[in-house]
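Let's take a walk through this protein together.

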Amino acid sequence: MAGIAIITEACIDVKDRACVDVCPVQCIYEFDPQKNILFSEEQAGSGEIENSHTPSPEAVAIFGDSILYVNIDECTSCTACYQPDVCPVGAIYADEHVPDGSSLKAYNREDPNKGHDHTFFIQHSRDVFAD
Ligand code: SF4
Ligand code: SF4
């Protein structure tokens, strides 16, 4: 399905959760290393867990809790989180617009990592959820 949201490396250590607050289905997850769960909140920072999943140990070890993860099976492609005024660093894309580093791809001008191959994160978003 086109339009699924993918979070890429510009989110690393920014993680301000602006995307979480606009997602209507709470499908953007954070990793809790102490509890070893991926959890989503009704509102960012509310402390009220809406959904949780078990992470894949190998996949979650790559970025740990430095980045957020979209569950692409739950994302409805509503487009809210990748509107240009949401993510302060341009880290989140529709899957068909994730930059692959080629000159033919449109980049998000706000993305400090533009030019890098971010298609890695499409598969990683799938791999990180073990259940
Ligand atoms: S596209 Fe919509 S449903 Fe999917 S992660 Fe973004 S806000 Fe949530
Ligand atoms: S993807 Fe963007 S809006 Fe969402 S937490 Fe990361 S930096 Fe913030």
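Predicted model: local features only at pLDDT ≥ 70, side-chain atom pairs only at ≥ 80, totals over all residues.

Strand β3, covering residues 37–41, is joined to β4 by four bridges, and the two run antiparallel. Now widen the view: β3 and β4 belong to an open sheet of four strands, ordered β4-β3-β2-β5 with antiparallel pairing. At the edges you will find β4 (49–53) and β5 (69–70), each of which pairs on one side only.

Next, step back to the chain as a whole. The protein has three helices and six strands. Followed from the N terminus, these elements come in the order β-α-β-β-β-α-β-β-α. The radius of gyration is 14 Å, close to the 14 Å that the globule rule gives for 131 residues, so the protein is as compact as a globular protein of that length. Its C-alpha trace spans about 40 × 30 × 30 Å along the principal axes.

Among contacts with a separation of 6 or more, 67% are between residues 24 or more positions apart.

Finally, turn to ligand 2. This ligand is surrounded by 14 residues, and the closest are Cys11, Val14, Ala18, Cys19 and Cys87. Sorted by class, the shell holds 11 nonpolar and three charged residues, with no polar ones.

Note on methods:
Residues numbered from 1 in each chain as written. Chains lettered and ligands numbered in written order. Near = placed C-beta within 6 Å. Nonpolar A, V, L, I, M, F, W, Y, C, P; charged D, E, K, R; others polar. Pairing = 2+ DSSP bridges. Rg over C-alpha atoms; globule rule 2.2 N^0.38 Å. Contact = placed C-beta atoms within 7 Å.
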